[in-house]
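Subject: Structure for you to look over

Hello,

Here is the structure I said I would pass on. My notes on what was found in it follow below.

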Amino acid sequence: RQGASQQELLAGEARGPGGGRLVELREGDVIVEEEELNLKYGAHHVIKLFSPVTMCMAVVVATISSITYYTEKGTYLVYTPFHEETEDVGTLAWQALANAGIMLGVIAVMTGLLVLAYKYRCTKLIHGWLFMSSLMLLFLFSYLYLAEVLKAYNLPMDYITLAIVIWNFGMVGMISIYWKAPLLLQQSYLIFISALMALIFIKYLPDWTTWAVLAVISLWDLFAVLAPFGPLRILVET
């Protein structure tokens with residue numbers, strides 16, 4: 001009844017002298033309020049992104065500062081055939097761009113396969129793909145990370161205890177990410193996975209290539225999301 005009476009009041013004001021002008025003013029106020037709300041909550045969401053990003057960077061910096069394993073070079077990813085073993089700046093630049101281009105090509109192909117799998121409803125393939133990726137991060141790379149932490153701080157741990165710790169950590173992570181868990185726990189696992197990925201790139205990518213990949217991936221993300229034929233935009237709109 002209250003909503004109906006307000007609509008009748010507005011209709012009466014609109015029919016009265018100067019009513020059209022009054023309705024226009026009210027519509028303008030509504031538009032201004034909507035813009036203010038969008039700006040407020042948009043900025044709020046951006047600010048909320050700072051916390052996980054800052055925590056991820058803190059984990060990476062603390063790890064690199066205390067564990068030398070991730071800064072030791074010698075083994076590189078197969079996607080980076082140029083290892084930047086020179087001091088010439090021009091050579092380093094083109095080798096970094098070449099490595100970044102190769103990695104971008106691999107990422108583009110994998111993204112295209114993901115879009116095709118989703119388009120043709122190959123959901124089991126997608127689930128298996130994501131499941132195996134998370135499984136490797138939470139078990140294999142977490143084991144390597146914990147082993148290096150124990151070695152760096154000279155902490156003893158037998159293999160049985162280590163296996164139990166990794167098993168529980170990995171299983172809780174899989175349940176948190178793919179099923180149900182408190183939001184804070186899920187976010188903590190996602191931050192840790194992001195930090196692990198950053199450490200893997202720092203370990204297995206040449207120095208200049210790391211920065212080149214960072215720049216190229218940023219541009220790729222913008223293209224994939226904003227371009228009319230970008231793969232991620234197609235994935236969202238499919």
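Asn168 sits in helix α5; helices here are DSSP runs of H or I with at least four residues, strands are runs of E with at least two, and both are numbered from the N terminus. Asn168 counts as partly exposed because its relative accessibility is 42%, where buried means under 20% relative accessible area, exposed over 50%, and partly exposed in between (1.4 Å probe, protein chains only). Phe139 is 29 residues away from Asn168 in sequence, and their C-alpha atoms are 9.6 Å apart.

This is a predicted model, in which local features need pLDDT of at least 70 and side-chain atom pairs count only at pLDDT 80 or more, while totals for chains, interfaces and linings use all residues. Residues are numbered from 1 along each chain as its sequence is written, and side-chain values use heavy atoms, with hydrogens and water left out.

The protein has eight helices and zero strands. Of its 238 residues, 23% count as buried. The protein exposes about 16500 Å², with carbon and sulfur atoms supplying 69% of that; accessible areas come from the Shrake-Rupley method with a 1.4 Å probe, and for residues only the protein chains shown count as cover.

On the inside, the largest nonpolar core has 23 residues, and Tyr70, Leu138 and Tyr145 have the most contacts within it. A nonpolar core is a set of buried Ala, Val, Leu, Ile, Met, Phe, Trp, Tyr and Cys residues joined through side-chain atoms within 4.5 Å. At least two residues of this core come from each of α2 (19-66), α4, α5 (159-178) and α6 (183-204). Helix α6 gives the largest share, eight residues. Another core lies apart from it and has seven residues, including Ala96, Met103, Leu205 and Val216.

Leaving aside neighbours within four places in sequence, Tyr70 is in contact (heavy atoms within 4.5 Å) with Thr63, Leu144, Tyr145, Leu199, Ile202 and Lys203.

On the surface, Val109, Met110, Leu113, Leu116 and Tyr120 make up a nonpolar patch with about 500 Å² of accessible area together. Patches are made of residues with over 30% relative accessible area and no salt bridge, with like charges joined within 9 Å and nonpolar side chains (Val, Leu, Ile, Met, Phe, Trp, Tyr) within 5 Å. A salt bridge is a side-chain nitrogen of Lys or Arg within 4 Å of a carboxyl oxygen of Asp or Glu. Tyr120 is in the loop between α3 (89-119) and α4 (123-152), and counts as exposed because its relative accessibility is 57%.

Regards
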